[in-house]
Structures are given as structure tokens and as C-alpha cells.
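Hi,

Here is the structure for your set-up work. My notes on it follow below.

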Amino acid sequence: MVLRAWGMEIGSDVMILPGCVFTSNNIEIGDGSSVNSNCYIDANDRITLGKNVALGIGCVVSTSTHNLTDPKHRGEMPVTTAPIVFGDGSGIASNVTVIAGTVLGPGAVVAAGSVVSGSVPAHCLYGGVPAKMIKELNH
């Protein structure tokens with residue numbers, strides 16, 4: 001696989017469908033995980049997908065954001081980064097945006113079209129813009 005030759009850490013039985021864009025090789029994808037078509041993966045910081053993680057069609061996973069805290073430099077939009085972690089068995093549905101610094105716990109699921117940031121507890125369904133907990137899932 002070309003992505004392995006580029007230096008990405010990719011486990012066994014991983015499926016990456018056509019049309020995906022990876023901005024860096026700073027990515028680890030665990031065994032049995034899948035990245036569906038047309039995902040944009042901005043890996044300016046580390047992205048870790050555990051085992052059996054699923055990314056839906058057209059997702060954006062971005063480790064980059066802009067530091068807007070200093071009003072003197074807001075117009076410059078200085079870039080900051082933070083890692084993103086997908087716990088084992090977690091998944092995001094189609095057209096989800098995952099923001100820098102997000103950590104999805106094992107078995108967590110994010111509903112289609114959501115924008116998720118921060119910490120998502122294990123075995124919970126999150127959804128919306130911004131994503132909030134909808135319910136706890138059986139495990």
C-alpha cells in the first residue's frame with residue numbers, strides 16, 4: 001500500500017476507499033479500521049485510529065485550528081494544532097467534522113453531519129452542531 005510506503009502506520013485488514021486526502025503521514029490506523037471515500041484528513045498533529053474504527057463518507061478530521069485569543073493577531077489567523085484520538089470500536093457517520101484535540105472514547109459514535117470537539121465518552125452517541133450527547137449506548 002502506497003500510504004505505508006509514505007510512512008503511515010497502518011494495521012491489518014484496513015480499508016481506505018478512493019478520494020481520501022491525507023495531508024501528512026502522521027497517522028496511525030489500527031487493525032480492522034476503515035476510512036470511507038472522500039474523507040479529508042489534516043494530520044498536522046498526530047491522528048490515531050484505534051482498532052475497528054469507522055470513518056463515514058466525506059468526513060473532515062482536522063488537527064489544525066486557529067488561535068483567536070489575541071485580538072492584535074486575529075486577522076493573521078495563527079495556526080495551532082492538537083492531536084485527535086479515535087478509541088477502539090468508535091465511529092463517525094457521513095459528513096462529520098472532527099476538530100483538533102478531540103478524543104472519542106471506545107465505542108463512541110457521532111451522528112451524520114455533526115461537528116465534534118473535546119472529549120466524547122465511551123459508548124455514547126453524540127450528534128448535532130455542536131455535537132452533544134444524545135444517549136448512552138449498550139456495551
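**Backbone and sheet notes**

H123 sits in the loop between β18 (119-120) and β19. Strands here are DSSP runs (E, at least two residues), numbered from the N terminus. This is a predicted model: local features need pLDDT of at least 70, side-chain atom pairs count only at pLDDT 80 or more, and totals for chains, interfaces and linings use all residues. Residues are numbered from 1 along each chain as its sequence is written, and side-chain values use heavy atoms, with hydrogens and water left out.

Back to H123. Its phi is positive, about 55°, although H123 is not a glycine. H123 is partly exposed, at 23% relative accessible area (buried is under 20%, exposed over 50%, partly exposed in between; 1.4 Å probe, protein chains only).

D13 also needs a look. D13 has a positive phi of about 55° and is not a glycine either. Its place is the loop between β1 (9-10) and β2 (15-16). D13 counts as exposed, because its relative accessibility is 69%.

Next, a cis peptide. The bond between V129 and P130 is cis, with omega about -5°. P130 belongs to the loop between β19 (124-127) and β20 (132-136).

Now the sheet. Five strands form an open sheet in the order β3-β6-β9-β14-β17, with parallel pairing (two strands pair if DSSP finds at least two bridges between them). β3 (21-22) and β17 (115-116) are at the edges with a single partner strand each, so one side of each has no neighbour in the sheet. Strands β9 (residues 60-62) and β14 (residues 97-98) run parallel, joined by two bridges. V61 has V98 in β14 as its bridge partner.

Best wishes

Conventions. Helix = DSSP H or I, 4+ residues; strand = E, 2+ residues; numbered from the N terminus.
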